[in-house]
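Visitor: I have not seen this structure before and would like to go through it by asking questions.

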2 protein chains.
Amino acid sequence: MSDMTDLAAPKRRRGGGRAGHSARAGGHVIDQMPWRVPVNTDRPTEPLPPEGVQAIHDGAMRVLSEIGIEFLNDEALGHLRAAGCRVEGQMVRFDRAFVEEMVAKAPPSFTITPRNPDRAITMGEGHMLFGNVSSPPNAWDLERGKRPGDMATYREFIKLTQYFNCIHFAGGYPVEPIDVHAGVRHLDCLFDKLTLTDKAVHAYSLGPERVEDVMEMVRIAGGLSHAEFDAAPRMFTNINSVSPLKHDWPMLDGAMRLARRGQPVVVTPFTLAGAMAPVTLSGAVMLSLAEALAAIALLQWIAPGCPVAIGTFTSNVDMKSGAPAFGTPEYIRATQMTGQMARFYGLPLRSSGVCAANVPDAQAMWETMNSLWAAVQSGTNMVYHAAGWLEGGLIASPEKFVMDCEVLQQFQRYFEPSILGTTEADLALDAIAEVGPGGHFFGCQHTQDRYQQAFYGPFLSDWRNYEAWQGAGGLWTAERAHGLYKKILAEFEPPPMDPAIHEELAAFVARRKAEGGAPTDF
Amino acid sequence: MSDMTDLAAPKRRRGGGRAGHSARAGGHVIDQMPWRVPVNTDRPTEPLPPEGVQAIHDGAMRVLSEIGIEFLNDEALGHLRAAGCRVEGQMVRFDRAFVEEMVAKAPPSFTITPRNPDRAITMGEGHMLFGNVSSPPNAWDLERGKRPGDMATYREFIKLTQYFNCIHFAGGYPVEPIDVHAGVRHLDCLFDKLTLTDKAVHAYSLGPERVEDVMEMVRIAGGLSHAEFDAAPRMFTNINSVSPLKHDWPMLDGAMRLARRGQPVVVTPFTLAGAMAPVTLSGAVMLSLAEALAAIALLQWIAPGCPVAIGTFTSNVDMKSGAPAFGTPEYIRATQMTGQMARFYGLPLRSSGVCAANVPDAQAMWETMNSLWAAVQSGTNMVYHAAGWLEGGLIASPEKFVMDCEVLQQFQRYFEPSILGTTEADLALDAIAEVGPGGHFFGCQHTQDRYQQAFYGPFLSDWRNYEAWQGAGGLWTAERAHGLYKKILAEFEPPPMDPAIHEELAAFVARRKAEGGAPTDF
């Protein structure tokens, strides 16, 4: 292999495929791939026959028309009553034709433009967007173990979210900072999100003040007028139903506030088969869709054409412990089935990069890989929790974050069309003739011309042999990831922001804190 | 979650899906899924457009007709000369029409029946067969670290191969037992393989005596006459070309010996893009196919209709170190592309469950999952190295073996059609109406009737929350797998064998050892 080493050592730079050419876009610790949104060109895996798709659609329509969905929000009930739905107390039953008509108004894709327009992301059209882990109450790392989330740790994950080019948006709080009072937490969190990242951000739909504050802060950060903000998607929210069959007040309130201002709403029921949903997968998927479509119908009624997406979070419980399991065979199939249904409805799809493992070990990665391949196979457009998730979402881990980014980069590389070329030059008959039987391709011109961009170049994987790996300390992947995340944080530089905007944002936060922030009694 | 626990704890047995019903087929340490060959019902991922398939085929034909392949075997050269191929020295050039005609004679599928006919396996028809890691020189485990293979360790892996129902065949030696002299090693190894397992076995094509001895031992173990042995596949071999463009003597000799007796030959070039093959993927795939088709054409000429398969082992080198990398984006695409070509030729496909990682950690599993998903996506029929592989094939690890079997069971479960039902009972509208908004499905009759078989039940994954996991010792997956493999070995019971056959086999081994075994000077 000495030829190879001689050839490659002085010239080869880290970074995969075309990344080899890129500037060190994200810093100096690693040479990562440049910002790029992968386009999923694979034919989706479709486990349902056409009659299966129809059966689930018919079932979802029957749930909506015969059983009904509870809306714990008077404003929403008023809208739905006005729309002609059958409202009894908080229970709403929908005519199938109304639901179908409303869902058809939703756009098949939309683009969210954050304060840095180079970080605009399109939901739909085959795009595959990756976001950070969102909402764990706890953090874990190799050094500090498991502990409740705090603001310092929150900030670490936000920096990782910005640092990695393969992370396209900043979802929910990567860890809940419980050392900041809940009434003002969203102000501090969004200030950090908007100053430490320049990527599209998310607002929790947890009360009108929070939602309005976040929209205003995103507007300020983007240097936008109110009209400019309302003119196009600048951020998004994700709402969860209370499965089975219920939408609660703050989620509906937030969703309606965003929809009225043209901001995207992802509706993600959490239907755990055997717990909050039927033990059968098609039943759980059908229930999830019914809940999602009920909210989408409401939003399309009050803001026709507003950007929405279907989220899937259908998995199964561990029937021994009742704990949720993720990245299981059932999870994969449910995600694929939901993908078929999302295409049937013409809506973008959100799924997740999830696992049940408690530490960033082998199980964590086989479960996460199942989740990510399910995202590919389902035609998922937005992958929530794509980096850093452990313990079924109860832990955020920086080691897992770094591991996941290595894997996400590999998916980016996987979707590069250049891998698949079959031109005369790609087929390389001349090189094969030149090298001949028993020769090798290290030194031939065909290799020389291409080797720098030919293959994915990892920043975390160790591809050396055992002895070289052992000689370098024999570090397991989680240990290597631990070292890397600390170096990344030590070197982190926030993206540029106009000082006047920074000041305006800070002043807004100070004013809203002085006003008491948001109520915390819901 | 107490409802769930009350419901499940006393009744729930380990084992996934329908496995819940099965007897403890493989022993008492774990309740694994029963023997079952998964049928891959997913539409394959086809990255090449039709003109790409044609370009690679045309290229492979040009390699065979214009550049040629070296056959380092006079008998093979004689056959090919008689067939009308252009032979100059050891270089053979093939007419395209001849290759196409010969390849068309190969059957699209075939069934290998080992001594236990219940363990018969079909190559082709969508079946997905999993085999143990084959041929590492070294073993590694958490307790003993890395060390050269020996007979005691070989035997451990053979027992694991038999124990796990998800392992369908016994491939090459799971570790090379270097403490047994190479001249008689095959006799001891096959004796153990044939007595400790009842699954289909493999013969190395490393010299006529070895191949003939193994065929004879398989015949004896099956209680077969020579005519019965010759009448149908009972075992198989896998041959590798010496890429680029060369087939060596013993591999060709073994392949021809098996083909003449109707025993299957898998032809697997090892075309590492950038080293033994062009740096471009389509070039590496094309070269691999040309080498495979050259051997297949030879075998179909001497034994028309003999069972053969295309093997793919196209991956890329790490351009920094020259080391082979596995489970990379390039590996996945190359495997998918080869799958398209295997379907184009109407031949079964072999690929592998491989990784570059040195220890059974997170990297090992994300790379292995990429390999296994590539196997699914390519329509692979035979997955070599599906359990136990580390360090690019230089290490066999029992912890990795156990981990991989957990994952292979999940693929089995993934392909169970029952997951995908959309009958009225599956959709569960009645149960949803019964449970109503905000209720839960734990206790309802629909769940009660199904929960035992509803979901995959793991034997290695830990789905408990962090505190419960920590309370049970906080073991990472590799540690849990270590404990499990030792318990499995302690409990292992060999499959039954007629004492007369056992005696005949032992006598054969003794006689052949007395005769000096096989020469070791090649």
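What follows is a set of questions and answers about a predicted model.

Visitor: By what turn can chain A be laid on chain B?

Guide: Two copies of a chain are related by a rotation about an axis and a shift along it. Here the shift along the axis is 0.0 Å and the RMSD is 0.0 Å. The two copies are thus related as by a two-fold rotation axis.

Visitor: Which residue of chain A comes closest to the rotation axis?

Guide: The distance is taken at the C-alpha, and the closest one in chain A lies at 2.1 Å from the axis. That residue is Ala362(A).

Visitor: Why do the copies meet through the same surface?

Guide: The contact takes 122 residues from chain A and 122 residues from chain B. The copies meet through the same surface because the interface residues of chain A are also interface residues in chain B, and the share for which this holds is 100%.

Visitor: Which three residues supply more than any other three of the area that chain A buries against chain B?

Guide: The two chains bury about 10,400 Å² between them, with 67% of it on carbon and sulfur atoms. Of the area that chain A buries against chain B, the three residues in question supply 9%. They are Trp366(A), Phe455(A) and Trp463(A).

Visitor: How many disulfides are there over all chains?

Guide: A disulfide needs two cysteine sulfur atoms within 2.5 Å. The cysteine sulfur closest to that of Cys166(A) is in Cys405(A), at 3.7 Å, so the two are too far apart for a bond. Both residues are buried, Cys166(A) with a relative accessible area of 2% and Cys405(A) at 0%. Over all chains, the count of disulfides is zero.

Visitor: How many polar residues are in the lining of the largest cavity?

Guide: The structure holds nine cavities of 30 Å³ or more, and the largest has a volume of about 70 Å³. Residues of chain A and chain B line the largest cavity, among them Asp42(A), Val376(A), Gln377(A), Arg43(B) and Gln377(B). By class, three of the lining residues are nonpolar and three are charged, while the number of polar ones is four.

Terms used. Residues numbered from 1 in each chain as written. Chains lettered and ligands numbered in written order. Predicted model: local features only at pLDDT ≥ 70, side-chain atom pairs only at ≥ 80, totals over all residues. Heavy atoms only, no water. 1 Å grid on protein atoms, 1.4 Å probe; cavity = no way out; pocket = protein on both sides within 12 Å on 5 of 7 lines; lining within 4 Å. Points joined across faces, edges and corners; volume = space filled by probe spheres on them. Nonpolar A, V, L, I, M, F, W, Y, C, P; charged D, E, K, R; others polar. Buried < 20%, exposed > 50% of the residue type's maximum accessible area, 1.4 Å probe, protein only. Least-squares fit on C-alpha atoms with pLDDT ≥ 70 in both. Contact = heavy atoms within 4.5 Å. Buried area = accessible area lost by both parts, 1.4 Å probe.
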